[in-house]
Amino acid sequence: MSAVPGPQAPALAAGTRLGDYVLGELLWRLRLAEVYAARGPTAAATLYVIAPQYAGHPEIRAEIIAGTRAAAALPEHPSVVRTVAAGLTGEILWIATEDVDGVCVRELLRKKVQGGATGLGAAGAATVVLSAAAAVEAAVHGALGADSIIASRDGRPRVADLALARGILAAARLGVLSERGGLAPEAAAAGAPSPSADIYGLGGLLYEALVGVPFERGGPRPTEVVASLPAQLDEVIARCCHRDPQRRFGSVAALREIVTDLIGRGAEPPTAAGSGRLAPAGGSPSLAPAGSSPSLAQAIAHAPRATPMPIDASLAMALSDETERWLVSKGQLDYGPFSLATVVEQIEQGKILGAHIIIDADSGARTEVSAHPLLGPISDAAKARHDDERRVAAEAAHRRTETKRGALLYAVIAVAVIGVGGGAFWGIKRARTEERTTLAAVKGVGSASIDLNVSAPKRPARAPRSRSGRAPRPGAQASDDYALDFSGDEGDDATETLDLDTIHKVYSRQGGALGRCLAQNGGGTANIAFSIDGPSGKVTVVRVNGATSGGLATCVGRVMRSLSFPTVKGPRTRAEFDISM
């Protein structure tokens with residue numbers, strides 16, 4: 001959905017009947033349609049009335065009909081608004097979805113910018129992007145943007161225009177779409193959706209949710225607009241929105257993990273102070289403690305429709321009911337009955353998961369735990385915590401394994417040294433001393449030679465400016481792999497690099513592990529290039545002989561990413577060295 005006015009046609013009068021639906025108020029104007037509240041035969045609904053110039057175009061009309069059929073055939077998903085009907089009344093082509101009680105995210109952003117604010121804050125942006133990512137993992141969209149998302153009253157964003165996506169791409173391909181923001185270049189040219197186009201759309205959505213305006217090359221960096229954001233977010237958005245699809249993230253799942261690691265852990269926290277939904281009754285609608293970024297649900301709290309009972313108050317009331325009326329279905333078996341407090345306790349313990357079905361024994365209503373309005377936020381938080389615990393345990397187990405392997409290697413060397421005569425002993429000791437000064441003793445694989453080079457990161461070329469001082473928009477010079485074509489880059493003196501001795505002291509501690517990678521993968525020599533993130537001191541990119549995949553690259557990458565370098569004020573340091581057996 002789009003706050004930018006779409007095709008301007010006279011709005012249909014309230015009370016107009018389209019099929020089994022009676023129109024109510026006009027809600028929004030979209031790229032291809034107008035959106036109305038409606039009353040259906042059995043329940044409230046939302047109706048999309050396609051603009052006449054698109055409904056009357058044979059190719060666009062055919063794509064909209066095909067997209068509607070595909071959307072209606074999808075199973076229900078907590079992050080997707082369900083398509084329920086479509087029809088042609090006279091010359092009016094329309095699509096009906098389940099009732100949407102909320103606000104369009106782009107409309108929400110437009111009002112915030114008009115009020116002097118920027119975007120939704122880090123937590124709100126993460127909530128929108130992670131929910132949209134979950135939706136496009138279930139069904140490819142291809143034309144995703146802030147105008148595609150509805151933020152419902154309980155704070156859950158959902159993709160609402162899946163049925164229109166193919167029509168949007170067809171209109172872009174034919175050159176008749178007035179607003180193309182957020183479309184991947186190749187998708188707009190070919191008119192075909194793809195997972196790579198969705199990654200582009202998610203990057204543009206993340207940018208717009210943080211900055212408050214649609215993504216455009218040459219615009220400000222998110223970290224220039226919101227000072228508290230992690231610096232890596234600039235590179236994440238740049239990679240998502242790269243013109244070359246091959247240089248974007250390889251999967252939506254990978255992007256979700258990165259966004260979660262950078263800002264998603266703080267998004268909509270399910271706590272008493274900030275429940276991820278509306279605040280307790282009697283207080284102002286706030287989702288986070290004082291001083292934190294405003295959340296999504298806080299931002300939509302003032303929309304015109306009536307607000308339901310705040311979720312914290314609802315949850316407190318539900319937990320006080322000790323009636324054992326809830327069953328939990330796991331696979332083919334039902335467990336229970338439980339009180340709601342017991343269900344929450346088992347979610348916290350990891351015994352009940354988001355994919356399990358919770359059943360109200362009184363009414364027979366069934367829903368996934370992750371989609372339950374009260375239990376969903378608790379399930380999400382518990383999953384995040386359990387994932388963190390498993391990651392820590394896996395890292396600890398890996399360290400123990402490496403320690404045991406190192407100890408065994410030392411033992412084998414010791415036995416070999418003892419079995420050799422005194423002259424051999426002193427020769428081996430001298431060789432070990434020389435190896436330690438170069439590659440921290442590449443034990444058991446022979447001597448090694450190293451050639452190390454250190455340099456500052458390559459900066460993208462400055463975009464030429466017009467007399468007005470603004471960087472050019474479409475057609476500007478493309479950025480490199482990891483940087484947006486932003487205007488106003490810092491001067492060259494803004495980068496501080498690590499010196500050779502400092503880098504050598506850190507990576508040489510893993511000489512044995514690097515040597516084993518070389519020996520185990522059949523290589524006699526290798527060139528290892530890597531990039532060190534300045535503020536964190538972590539290795540972010542590793543290439544071995546120019547490659548990032550394969551047995552040797554994977555092994556060396558795992559060793560290098562385990563290192564921690566001193567932090568510097570520059571964005572990153574690039575270094576490379578040669579190792580040979």
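1. Basis of the values. This is a predicted model, in which local features need pLDDT of at least 70 and side-chain atom pairs count only at pLDDT 80 or more, while totals for chains, interfaces and linings use all residues. Residues are numbered from 1 along each chain as its sequence is written, and side-chain values use heavy atoms, with hydrogens and water left out.

2. Overall confidence. The protein has a mean pLDDT of 74, and 72% of its residues reach 70 or more. Over residues 266-314 the pLDDT stays under 50; the model has 105 contacts (heavy atoms within 4.5 Å) for this stretch beyond four places in sequence. Residues 434-494 also have pLDDT below 50, with 152 contacts in the model beyond near neighbours in sequence.

3. Nonpolar cores. A nonpolar core is a set of buried Ala, Val, Leu, Ile, Met, Phe, Trp, Tyr and Cys residues joined through side-chain atoms within 4.5 Å; buried means under 20% relative accessible area (1.4 Å probe, protein chains only), exposed over 50%, and partly exposed in between. The largest core has 79 residues, and I50, L164, L202 and L206 have the most contacts inside it. Leaving aside residues up to four places away in sequence, I50 touches L32, A33, A55, I64, L93, I95 and L164. Another core, of 27 residues, lies apart from it and includes L498, I503, C517 and F565.

4. Aromatic pairs. Rings of Phe, Tyr and Trp (its six-membered ring) pair if their centres lie within 6.5 Å; planes under 30 degrees apart count as stacked, over 60 as edge-to-face and the rest as tilted. The structure holds four such pairs. Y207 and F215 are edge-to-face, because their ring centres are 5.5 Å apart and their planes stand at 85°. F530 and F565 are stacked, at 5.9 Å centre to centre and 25° between the planes. This pair links distant parts of the chain, 35 residues apart: F530 belongs to strand 15 (residues 525-533), and F565 to the loop between helix 18 (551-561) and strand 17 (572-580). Both F530 and F565 are buried.

Notes
Helices (H or I, at least four residues) and strands (E, at least two) are DSSP runs, numbered from the N terminus. pLDDT is the predictor's confidence in each residue, from 0 to 100.
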